[in-house]
Amino acid sequence: MSNRSKLEKFSDNLHFENVFENISFSNPQLIAGIDRIVNYKSIWKSDYFKNDNPIIMELACGRGEYCIGLSRLFPNINLIGVDIKGARIWKGASESLKQRIDRIAFVRSKIELIHHFFGIGEVDEIWITFPDPFPRPSKSNKRLVSKYFLDIYSNILKKNALVHLKTDDLNLYEFGINSILENDCFELVYKSDNIYQKELFHEALQIKTYYERMHLDKGKTIKYLQAKYIG
Ligand SMILES: C[S@@+](CC[C@H](N)C(=O)[O-])C[C@H]1O[C@@H](n2cnc3c(N)ncnc32)[C@H](O)[C@@H]1O
């Protein structure tokens with residue numbers, strides 16, 4: 001555990017070269033450091049990562065465990081973690097810098113705004129791990145696999161890109177399945193309501209986040225679904 005306070009972490013984020021922040025809903029733009037506006041939309045590969053590797057995005061990334069874990073499993077990918085909580089992003093960003101992984105960037109923003117920062121077809125894959133389940137029906141639009149969010153993802157995903165959802169929450173898992181089945185732009189590829197019951201369907205499912213460990217400690221089963229963006 002770090003002994004940096006939340007305010008110190010926010011301040012660190014301003015000096016991390018791998019963190020970009022958006023602070024406005026009405027005028028979305030990414031800021032590097034204290035006040036440098038950057039626009040990498042459609043040019044993340046050439047101008048930020050400086051390679052032609054695919055871009056994998058971890059949404060609601062929290063401490064960025066999937067970004068770091070995926071970068072270890074697959075050396076030839078670029079990763080972008082998105083979350084609104086700066087103190088959590090700090091953990092992934094500082095760890096990436098410490099380990100000298102230069103293929104990971106973090107965007108502190110509401111996920112609702114990502115289409116402002118990424119171009120059409122720019123993203124090759126999305127991982128959504130243990131997002132808040134928003135159990136109340138009145139908040140179902142906030143679930144990261146609702147039609148509202150799938151439509152946002154459609155704006156940035158490449159054709160045939162995969163979307164992965166890993167969750168402990170049965171309601172969210174079933175909601176996600178229905179949401180994908182009802183959406184003509186996506187196809188359900190695979191689903192499991194207990195991934196550790198048999199051999200893992202995808203190598204990357206072995207990565208465990210902070211929230212996954214908490215749920216496993218409580219004896220919960222882990223659900224997973226994989227969808228394909230078919231356009
Ligand atoms: C339960 S935590 C899971 C974090 C991490 N994926 C894990 O498994 O440990 C959910 C995360 O989603 C983020 N989040 C929820 N809704 C969001 C939104 N609309 N935009 C950005 N971040 C969001 C929260 O800030 C929080 O860090």
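Predicted model: local features only at pLDDT ≥ 70, side-chain atom pairs only at ≥ 80, totals over all residues.
β4 and β5 run parallel and are joined by five bridges. Within that pairing, Glu-58 has Gly-81 in β5 as its bridge partner.

## The sheet around it

Let's step back to the whole sheet. Ten strands make up an open sheet with mixed pairing, and their order is β3-β2-β1-β6-β5-β4-β7-β8-β10-β9. The edges are taken by β3 (36-38) and β9; each has a single partner strand, so one side of each is left without a neighbour in the sheet. On average, neighbouring strands of this sheet are turned by 25° against each other, direction ignored.

β5 also pairs with β6. Strand β5 (residues 78-83) and strand β6 (residues 104-108) run parallel, with five bridges joining them. Here Asp-83 stands opposite Arg-108 in β6.

## Helix α3 and its cover

Helix α3 spans residues 65-73, and its buried residues are Tyr-66, Cys-67, Ile-68, Gly-69, Leu-70 and Ser-71. Which elements lie over them? The cover of these buried residues includes the strands β4 (55-59), β5, β6, β7 (123-129) and β8 (157-167), along with α4 (86-98).

In soluble globular proteins, nonpolar side chains tend to be buried together. In this model, the largest nonpolar core has 42 residues, and Trp-44, Ile-114, Phe-118 and Tyr-153 have the most contacts inside it. Leaving aside residues up to four places away in sequence, Phe-118 touches Lys-41, Trp-44, Met-57, Ile-80, Val-107, Val-123 and Ile-156.

## Aromatic pairs

The structure holds 18 aromatic pairs. Take Tyr-40 and Trp-44: their ring centres are 5.0 Å apart and their planes meet at 50°, so this pair is tilted. Tyr-40 counts as buried at 16% relative accessibility, and Trp-44 is buried as well, with a relative accessible area of 0%. Both residues belong to a cluster linked by ring pairs, together with Phe-20, Tyr-48, Phe-49 and Phe-118.

Tyr-190 and Phe-201 show a stacked arrangement, with 3.6 Å from centre to centre and 0° between the planes. This pair links distant parts of the chain, eleven residues apart: Tyr-190 lies in strand β9 (residues 186-192), and Phe-201 in the loop between β9 and α7 (210-217).

## Charges over rings

Two arginines are worth a look as well. Arg-63 has its charged end over the ring of Tyr-210, 3.8 Å from the ring centre. The charged end of Arg-143 sits over the ring of Phe-175, at 4.5 Å from its centre.

Technical notes
Residues numbered from 1 in each chain as written. Heavy atoms only, no water. Phe/Tyr/Trp six-rings, centres within 6.5 Å; stacked < 30°, edge-to-face > 60°. Buried < 20%, exposed > 50% of the residue type's maximum accessible area, 1.4 Å probe, protein only. Helix = DSSP H or I, 4+ residues; strand = E, 2+ residues; numbered from the N terminus. Lys NZ or Arg CZ within 6 Å of the ring centre and 35° of its normal. Pairing = 2+ DSSP bridges. Axes fitted to C-alpha atoms, helices over the stretch in contact; angles between N-to-C directions. Core = buried A, V, L, I, M, F, W, Y, C linked by side-chain atoms within 4.5 Å. Contact = heavy atoms within 4.5 Å.
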